[in-house]
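What follows is a short report for someone who is meeting this structure for the first time. Please look at the sequence and the model together, and then read on.

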Amino acid sequence: MTKVKTEFAPFEYPIAYCIAGVDEVGRGPLVGDVVTAAVILDPDNPIDGLMDSKKLSEKKRQALSTEIKEKALAWSIARATPEEIDTLNILHATMLAMQRAVQGLSIEPDYVLVDGNRSPSFHHDNGQIASQSVIKGDARVAEISAASIIAKVARDDEMIALDKCYPQYGFAQHKGYPTKAHLEKIIEFGVLDCYRKSFKPVAAVIANNS
C-alpha cells in the first residue's frame, strides 16, 4: 500500500504587528527536559535556509541557531523538567514550557503561531495574546522553523553535556530517545534522576528493580 504524502498549502499569515513562532523539541525522549523556543524574526534582516530542524544537518542547525540569535528581534528558550513531565504529563508540560518561552521574550508579540495541532493560551499584561496552531508549521512558517532550530540545538547540547557525565548511556548518540541500545543501557546501568519516570520503558525498569 502506497503512503500518500499530504501536501499543505502555503501558510497565510494572520494580520498582526508582531508575530512569535513557537515549537518544542523532546517530547519523545525518556530523559531530560522538554525544550521549547519562541522567536520573533526581523523582517528587515531575513535568514536563508529556515526549515524543519529535523531535516537539517547538525552542522547547519548549529550555524542557523547562531544566526537566528544574532538576527531575530527577540528569542527565548524555556523548558519543563522531568519532574514536571511526570506530574503534569508530557502534553501539559509541553504547553507550560511553550507559555514560559513566550513569557521570556524581550518583546511582547500580539500573535503567536504554534507548531502542531494545539496551542496553549498565552497572556501578557493586557490580557490574552491571539494564537493559532499550525500543522507542519516547522516547514511552513519561518518563525516556527527558527524556534524549532534553536530549541533542538539547545536540547542536543544538553544531551551531549549529559553524555560527558554519564558516557556509558550513550546520550550523545541517541539524544535520549528510546532506541534499542538506549533501553539496554537503562536496564544495565539503572535509572538516573534526570529520567522521566512516568514513561513506560523507564517505569518498567524501576518496577523490575524494586
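In this predicted model, the chain has eight helices and six strands. Followed along the sequence, these elements come in the pattern β-β-α-β-α-α-β-β-β-α-α-α-α-α. The chain is as compact as a globular protein of its length, because its radius of gyration of 18 Å is close to the 17 Å that the globule rule gives for 210 residues. Taken along the principal axes, the box that the C-alpha atoms fill is roughly 55 × 40 × 35 Å.

Some further totals describe the chain as a whole. Of its 210 residues, 45% are buried, and the accessible surface comes to about 11200 Å², with 53% of that area belonging to carbon and sulfur atoms. Among the contacts with a separation of 6 or more, 63% are made by residues 24 or more positions apart.

| Strands | Sense | Bridges |
|---|---|---|
| S1 and S2 | antiparallel | five bridges |
| S2 and S3 | antiparallel | seven bridges |
| S4 and S6 | parallel | five bridges |
| S5 and S6 | antiparallel | three bridges |

Strand S2, which covers residues 34–40, takes part in pairings with S1 and with S3, residues 74–80. Glu24 has Thr36 of S2 as its bridge partner, while Ala38 is partnered by Ser76 in S3. How many of the residues of S2 are buried? Seven of its seven residues are buried, and this holds for both faces of the strand, with Val34, Thr36, Ala38 and Ile40 on one side and Val35, Ala37 and Val39 on the other.

Strand S6, residues 127–134, pairs in the parallel sense with S4, residues 111–115, and Asp115 stands opposite Val134 in S6. The antiparallel partner S5, residues 122–124, is joined to S6 by three bridges, and within this pairing Phe122 has Ile129 as its bridge partner in S6. Two residues lie between S5 and S6, which together form a hairpin.

When residues up to four places away in sequence are not counted, Phe8 touches Ile135, Lys136 and Arg140. Even so, Phe8 is partly exposed, because its relative accessible area is 37%, a value between the 20% and 50% cut-offs.

Most residues other than glycine have a negative phi. Lys136, however, has a positive phi near 60°, and Lys175 likewise has a positive value, of about 55°, although it is not a glycine. Lys175 is found in the loop between helix H6, residues 171–174, and helix H7, residues 180–189. Is Lys175 buried or exposed? Lys175 counts as buried because its relative accessibility is 14%, and the cut-off for a buried residue is under 20%.

Notes
Residues are numbered from 1 along each chain as its sequence is written. This is a predicted model: local features need pLDDT of at least 70, side-chain atom pairs count only at pLDDT 80 or more; totals for chains, interfaces and linings use all residues. Side-chain values use heavy atoms; hydrogens and water are left out. Helices (H or I, at least four residues) and strands (E, at least two) are DSSP runs, numbered from the N terminus. The radius of gyration is taken over C-alpha atoms; the globule rule is 2.2 Å times the number of residues to the power 0.38. Buried means under 20% relative accessible area, exposed over 50%, partly exposed in between (1.4 Å probe, protein chains only). Contact means heavy atoms within 4.5 Å. Accessible areas come from the Shrake-Rupley method with a 1.4 Å probe; for residues, only the protein chains shown count as cover. Two strands pair if DSSP finds at least two bridges between them.
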